[in-house]
Amino acid sequence: MKGESERTVGARVILVDAVDIQPACLGLYCGKTLLFKNGSTEIYGECGVCPRGQRTNAQKYCQPCTESPELYDWLYLGFMAMLPLVLHWFFIEWYSGKKSSSALFQHITALFECTMAAIITLLVSDPVGVLYIHSCRVLMLSDWYTMLYNPSPDYVTTVHCTHEAVYPLYTIVFIYYAFCLVLMMLLRPLLVKKIACGLGKSDRFKSIYAALYFFPILTVLQAVGGGLLYYAFPYIILVLSLVTLAVYMSASEIENCYDLLVRKKRLIVLFSHWLLHAYGIISISRVDKLEQDLPLLALVPTPALFYLFTAKFTEPSRILSEGANGH
């Protein structure tokens, strides 16, 4: 018995030594994939790329993405979902004209298209058939650009470990844009052909043609700058919403509260910008401390009030008239 126990101990020592002399898993995003698991026994493969839906942990093992997205992740996805909707509304308004009665129906159709695309995207994502997703935590900017961190141990051969470390925040946006495009091509032409009677034949489909341009642009933007947008989108929302609100109020020659209340459309635009202001503030604060962050929402009406109080000093109507006259 004593000899058998010694042999057993010796075997264990040899096994530990064999594990210790295995080559290290190089690269920031290379990991070992689980090949077999039986109870407490786990067998991992060689170091390489992790399968889709997994990312490496601190021990260089590929682990499934089973966490729920944080609030900030949902806000980022909401921002990327809003971009095509806002562009749809802008070009519909731009090409419909003031006398066209079809703009409202096109706005509603665009909202329906984007909403349905978002729902379908969630349903086809993991886990399939439910309106929530599993994701991996975003730790740093390089998580979005794993293709830049493929190691070359001998400076000749490259070990390709490119995978979606931020699963599914990167690819889910492309899936959403694809569904938006498909639904638009199925629904919008029929609607425009039926109700866009106030427009000429050449102008009826211009908002659709515009979408065929901005969808590829949004796709490239996500492919190249997805990681940058993830960290910068709250500030982009605040800056753009402030600029567009000031431009709209000056172009509409709104100089006091009466000018603002005289038309319902102006109130709708104002409240829409207020929602964007609130969205940006919540995204920046992330509502980590609710009692401290919620009072920041009181700043939402501040830009509009500041504009109304200072409009009499700048006189936007005079500036617009001088610009139209070429002075």
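Is Cys 62 buried or exposed? In this predicted model, Cys 62 has a relative accessibility of 3% and therefore counts as buried, the limit being under 20%. Its partner is Cys 50, with the two sulfur atoms 2.0 Å apart. Cys 50 is buried as well, at 4% relative accessibility. The link between Cys 50 and Cys 62 is left-handed, with -80 degrees about the S-S bond.

The structure has 4 disulfides. Another one pairs Cys 30 with Cys 161, their sulfur atoms 1.8 Å apart. This link is right-handed, with 95 degrees about the S-S bond. Cys 30 belongs to the loop between H1 and S1 and Cys 161 to the loop between H3 and H4, so the bond ties together parts 131 residues apart in sequence. Cys 30 is buried at 1%, and Cys 161 is buried at 0%.

Cys 25 and Cys 47 also form a disulfide. Here Cys 25 is buried at 13% relative accessibility, whereas Cys 47, at 30%, is partly exposed.

The helices come next. The axes of H2 (residues 71–96) and H4 (residues 171–195) come within 10 Å and cross at roughly 30 degrees. Angles under 35 degrees count as roughly parallel, so H2 and H4 are roughly parallel to each other. Their contact includes Leu 77 and Met 80 of H2 and Tyr 176 and Met 184 of H4. The contact residues comprise 11 nonpolar, 1 polar and 1 charged.

Technical notes: Residues are numbered from 1 along each chain as its sequence is written. This is a predicted model: local features need pLDDT of at least 70, side-chain atom pairs count only at pLDDT 80 or more; totals for chains, interfaces and linings use all residues. Side-chain values use heavy atoms; hydrogens and water are left out. Axes are lines fitted to C-alpha atoms, for helices over the stretch in contact, and angles run from 0 to 180 degrees between N-to-C directions. Helices (H or I, at least four residues) and strands (E, at least two) are DSSP runs, numbered from the N terminus. Angles under 35 degrees count as roughly parallel, over 145 as roughly antiparallel, 65 to 115 as roughly perpendicular and the rest as oblique. Contact means heavy atoms within 4.5 Å. Ala, Val, Leu, Ile, Met, Phe, Trp, Tyr, Cys and Pro count as nonpolar, Asp, Glu, Lys and Arg as charged, and the others, Gly among them, as polar. A disulfide is a pair of cysteine sulfur atoms within 2.5 Å. Buried means under 20% relative accessible area, exposed over 50%, partly exposed in between (1.4 Å probe, protein chains only).
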